[in-house]
Amino acid sequence: MTNFTKYSLLHFLIGVFIFSTSCSNFLVEDPKNLITEDEIPQTAEGAQMLTLAPYENWVEGTNLYARFIPLWDVGTDDMSASFNLGSIVDTYVLHKVSSSQPFMYSGVWTPLWRGVADCNKGMELISKMDAVDPNIRSSHIAELKVMRALYYYHLVRMFGDVPSVTKSTNKLSEITSISRVNALEIYHTIIIPDLKEALEDLPESYSSEFKGRMTKTSANVILSEVYLTLAGWRKTTEGNMVLGLATNYDSAMVYAEKAIHNNGGFDIFEQGDGETPACGMPWRNRFSKESVVEFGNISGVNEGLYLVTESNMGSNSLFWGVRGPSFNGAQRGWYIPTPDLYRAFEEDDQRREWSMLTKTTMANGETGFSNPLFHKWCDPNLYRGVDGALNHDGNINIVLYRIADAMLIYAEASNEVNAGPTAEAYAQLNRLRERAGLLPLAEGLSYEEFREAVWKERRVELNGEVKRKFDLVRTNRLKEKSDARVIYYHSSDNPEWPLNVEKDSILVTYEPYPYPRHEYIWPIPIEELTMNNSWKQNSGY
């Protein structure tokens with residue numbers, strides 16, 4: 001595990017550059033032979049090496065989605081930590097976030113900027129590879145533009161105003177004088193242009209060897225969500241809540257529709273495989289037809305996800321009333337569904353049955369029991385006790401965007417544009433509901449009723465995908481929903497409650513603290529403020 005805590009943003013923007021070599025399989029990046037810029041081949045293979053480098057950063061070691069980005073959703077109505085509150089996560093449950101938090105800095109801020117730097121340098125070097133076919137160069141640069149947009153999209157939503165850096169530099173004087181730029185300017189000068197320009201040169205799909213790389217559909221889904229975000233509320237660096245332009249809903253609808261009606265063969269699963277229902281198939285089939293942005297992992301070579309440990313929890317006697325065989329693996333209990341989320345699902349919704357994991361058949365044939373867990377972050381080999389499965393080494397991928405995202409975005413944006421739901425908006429929501437075993441939505445819903453229905457569908461469909469806080473901020477409901485969440489389970493929440501006596505006030509996750517409004521965005525790390533005396537801290541920190 002690489003430790004980045006001693007490095008500031010400046011170190012990543014300056015021209016020190018290393019890459020991991022790529023094997024023939026996009027998933028496999030071991031062994032890691034680090035090479036310098038001068039050693040990169042001036043060939044199509046060299047261009048590919050530069051393009052693939054920013055992918056691993058999303059899930060490398062304890063970076064980003066490998067371990068620490070889910071801290072962003074802790075404290076919302078969807079996610080808390082175990083009642084037996086541990087260190088690191090306690091800061092976010094108790095809302096004591098400060099600019100000196102080391103894991104926010106080393107696990108989120110720093111790798112996001114490392115990704116930006118990798119993309120900038122990659123584009124610069126590829127553009128100079130005259131021996132490489134121009135079409136190949138353009139395709140790789142387009143891929144890096146999508147990746148840079150995605151890194152910046154995370155930065156502005158999580159930290160507000162940030163520097164605008166679109167080229168590498170070897171001059172320390174240029175870096176130390178860098179200024180933060182208004183988040184809206186980042187959207188309109190980097191994020192949106194990068195995604196639109198990339199659409200011209202990205203492929204519709206890849207061969208099986210390179211599934212998981214950015215396609216036109218990837219860019220369209222991200223762009224549709226960017227516009228949906230811009231249409232809603234955001235917290236400024238100065239501490240104000242600002243509502244975006246409603247015209248952004250039009251663009252969100254257009255790009256979501258393009259993603260839905262893609263030419264790359266992407267679509268939602270409508271059938272399961274007998275063991276996993278259709279709604280769970282993207283997490284049991286790597287780089288599936290439903291997944292449009294996904295980051296891969298291989299366990300057993302210290303490349304698997306740390307996240308599987310943070311998402312597991314012991315004390316199964318809480319939800320089950322009696323202690324039975326428990327799941328295997330380390331159980332840190334950082335990222336646990338709340339009773340409020342558990343109850344948000346309708347009766348017979350297969351998405352709760354699958355994604356709120358409470359019971360399994362263990363490798364030894366016994367039935368294992370647990371408090372509700374985010375199944376999307378649990379490795380079946382580990383929690384079932386399969387021989388060879390290791391703690392902190394999850395053999396699962398991170399599925400970041402799916403066609404389901406585009407369907408939900410289209411339904412919400414269309415309702416806003418048309419001041420009420422259209423037949424197509426109903427159709428997109430109902431496809432997701434019907435595959436989850438639910439009846440279609442009632443006809444004749446008003447604009448407000450349909451909007452609430454979309455928001456509810458987003459919550460249950462996208463649970464465990466680190467989208468809840470982003471949604472609650474843009475809809476200006478974060479404090480309202482988080483502070484009013486259900487705290488306790490009741491024995492009736494478990495349809496297989498084994499005791500004859502009912503029980504209430506079952507505390508599985510830590511009791512919520514009031515959500516402070518300044519934590520709608522995170523602080524700029526103290527290391528950056530020290531290096532840049534002209535920077536002002538985000539309001540409230």
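1. A quick term first: a residue counts as buried when its relative accessible area is under 20%. By that cut-off Cys279 is buried, since its relative accessible area is 6%. Bear in mind throughout that this is a predicted model.

2. On to the cysteines. A disulfide is a covalent bond between the sulfur atoms of two cysteines. In this model the count comes to zero disulfides, with a pair of cysteine sulfur atoms having to lie within 2.5 Å to qualify. Cys279 is in no disulfide, and its nearest cysteine sulfur, the one in Cys378, sits 15 Å away. Looking from the other end, the closest cysteine sulfur to that of Cys378 is in Cys279, and 15 Å is too far for a bond. Cys378 is buried as well, at a relative accessible area of 3%.

3. Helix H7 covers residues 183-199 and helix H8 covers residues 216-231; they pack at an angle of about 155 degrees, and their axes are 9 Å apart. That angle is over 145 degrees, so H7 is roughly antiparallel to H8. H7 passes H8 in a left-handed crossing. From H7, the contact residues include Leu184, Tyr187, Ile191 and Leu195, while those of H8 include Ala219, Ile222, Leu223 and Val226.

4. H8 has another partner to look at, helix H9 (residues 248-260). The axes of H8 and H9 come within 8 Å and cross at roughly 160 degrees. H8 and H9 are therefore roughly antiparallel to each other, and the crossing of H8 past H9 is left-handed. Among the H8 residues involved are Thr217, Asn220, Ser224 and Tyr227, and they meet a set in H9 that includes Asn248, Tyr249, Ser251 and Tyr255. By class, this contact of H8 with H9 has 11 nonpolar, five polar and one charged residues. If you're clicking through side chains, note that Asn220, Leu223, Tyr227 and Leu230 of H8 are listed in the contact with H7 and also in the contact with H9.

5. Where does Thr217 lie? Thr217 is in helix H8, and it counts as buried at 1% relative accessibility. Leaving out neighbours within four places in sequence, Thr217 is in contact with Ala259, Asn262, Phe266, Val292 and Ile403. Ala259 is one of the H9 residues in the H8 contact.

6. Ile403 takes us to helix H15, which runs over residues 403-417. H15 packs with helix H16 (residues 423-435) at an angle of about 145 degrees, with the axes 8 Å apart. The H15 and H16 crossing is left-handed. H15 brings Ala404, Met407, Leu408, Tyr410, Ala411 and Ser414 to the contact, and H16 brings Glu424, Ala425, Gln428, Leu429, Arg431 and Leu432. These residues divide into eight nonpolar, two polar and two charged.

7. Thr509 and Phe83 are 426 residues apart along the chain, but their C-alpha atoms are separated by 4.4 Å. Not counting residues up to four places away in sequence, Thr509 touches Ser80, Ala81, Ser82 and Phe83, along with Ile336, Pro337, Thr338 and Pro339.

How values were computed:
Residues numbered from 1 in each chain as written. Predicted model: local features only at pLDDT ≥ 70, side-chain atom pairs only at ≥ 80, totals over all residues. Heavy atoms only, no water. Axes fitted to C-alpha atoms, helices over the stretch in contact; angles between N-to-C directions. Helix = DSSP H or I, 4+ residues; strand = E, 2+ residues; numbered from the N terminus. Parallel < 35°, antiparallel > 145°, perpendicular 65-115°, else oblique. Left-handed = near helix turned anticlockwise from the far one by under 90°. Contact = heavy atoms within 4.5 Å. Nonpolar A, V, L, I, M, F, W, Y, C, P; charged D, E, K, R; others polar. Buried < 20%, exposed > 50% of the residue type's maximum accessible area, 1.4 Å probe, protein only.
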